[in-house]
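These are my notes from a first look around a new structure.

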Amino acid sequence: MPFSEPSRRTLLGALGASLLAGVTGCTATGSPTPELPQASASNAPDAPSGNGALGAGGGVPTSPETSPVPTPTGTKRIHRTFIPDYQLPPVVGGLAPVITRIPTKHPVVFLTIDDGNIKTPESVKLMAEYDYPATLFLTKGSIADNPAFFKAFQAQGSLVENHTVSHNVNMVRQWGYQQQLNDIVGMQDYAVQQYGRKPTLFRPPGGAYSSVMQQAVAAAGMKAVITWEAKANAGKMDYQVGNSLRPGDIVLMHFRAEFAADLAAFRAAQLAAGLEVVLLEDFLGVA
């Protein structure tokens, strides 16, 4: 049900208050979730945003590997906005729920970008050009050299979430509850310090999780563990289910040297599927 409003987050807060509620680029073992191989509102139809299914794709240049802090974009387009038709499950028995995709009838897809190793001004430019909001699962060890870089994405409407301090892909096997909690809480505190918001969502390093991790995530104050079934990697799309994007898919990307090629692959799949990129936190009511 499309309708206009200048602020996506304000709109969803007003309309959604009563509705509140692996594939992996990092090799992991022992995951309960299957993983793929690594290689592998606008209501003005005459002026669609770069995000929407009516938008036209363009050539995407190759990312340079320099990392100055870019200037945040100052303008925002109006998006089509959807009343969420999914309620995030609550924490039950001290365990945060695990969300792999969102069951929804709306033509939406959710972009998530991990780690933060490679920081190029072009990545900020491309996200602004396509008007994509994204959930950024950042790791302190990857971003500590230049945390301010990611404020440009915040200015575009993206949000920073928790991907641990250390990115230990074997933490579910090697660490007990307290070590996992310490690593997760460390990133919570760092995110608040750097970006002024406490993360509400958690992504396991490598995609592997356990009930112990779910307990630590809930104890750290977060609402859900977020995995995926689709991934943009090495300039192409990988799918755990089917061969195209589906409404409600959560897509994994990384801040890597091939960011531009991966984003181009995602954009082609998004447009082909007729989906709009919507911020995951907005749809879940945890922004």
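Entry 1: Is valine 124 buried or exposed? I first noted that this is a predicted model. Valine 124 has 4% relative accessibility, and the cut-off for buried is under 20%, so valine 124 counts as buried. I found valine 124 in helix α2. I also looked up its separation from phenylalanine 153: they are 29 residues apart in sequence, yet 6.4 Å apart in space, C-alpha to C-alpha.

**Entry 2: the rest of α2.** Next I listed the buried residues of this helix, and they are Glu122, Ser123, Val124, Leu126, Met127 and Tyr130. What do they pack against? I found β2, α4 (151-156) and α8.

**Entry 3: α2 meets α8.** I wanted to see how these two helices sit together. Two packed helices are described by the angle between their axes and the distance between the axes. For α2 (residues 121-130) and α8 (residues 259-273), I noted an angle of about 15° and axes 10 Å apart. An angle under 35 degrees counts as roughly parallel, so that is the word for α2 and α8. The crossing of α2 past α8 is right-handed. On the α2 side, the contact is made by Glu122, Ser123, Leu126, Met127 and Tyr130. On the α8 side, Phe259, Ala260, Leu263 and Arg267 take part. Sorted by class, I have six nonpolar, one polar and two charged residues in this contact.

**Entry 4: a closer look at α8.** I checked the length of this helix. With 15 residues at 1.5 Å a residue, α8 should span 21 Å, and its end C-alpha atoms are 21 Å apart, which agrees. Among the buried residues of α8 I noted Asp262, Phe266 and Gln270. Their cover includes α2, along with β2 (108-115), β7 (230-233), β8 (236-239), β9 (250-254) and β10 (276-277).

**Entry 5: after the helices.** What follows each helix? After α8 comes glycine 274, with a positive phi near 70°. After α2 comes aspartate 131, whose phi is also positive, near 55°, although aspartate 131 is not a glycine. I placed aspartate 131 in the loop between α2 and β3 (135-138), and with a relative accessible area of 4% it is buried.

**Entry 6: one more positive phi.** Threonine 164 is not a glycine either, but its phi is positive at about 75°. I found threonine 164 in the loop between β4 (159-162) and α5 (171-174). Its relative accessibility is 0%, so threonine 164 counts as buried.

Conventions. Residues numbered from 1 in each chain as written. Predicted model: local features only at pLDDT ≥ 70, side-chain atom pairs only at ≥ 80, totals over all residues. Heavy atoms only, no water. Axes fitted to C-alpha atoms, helices over the stretch in contact; angles between N-to-C directions. Helix = DSSP H or I, 4+ residues; strand = E, 2+ residues; numbered from the N terminus. Parallel < 35°, antiparallel > 145°, perpendicular 65-115°, else oblique. Left-handed = near helix turned anticlockwise from the far one by under 90°. Contact = heavy atoms within 4.5 Å. Nonpolar A, V, L, I, M, F, W, Y, C, P; charged D, E, K, R; others polar. Expected span 1.5 Å × (residues − 1). Buried < 20%, exposed > 50% of the residue type's maximum accessible area, 1.4 Å probe, protein only.
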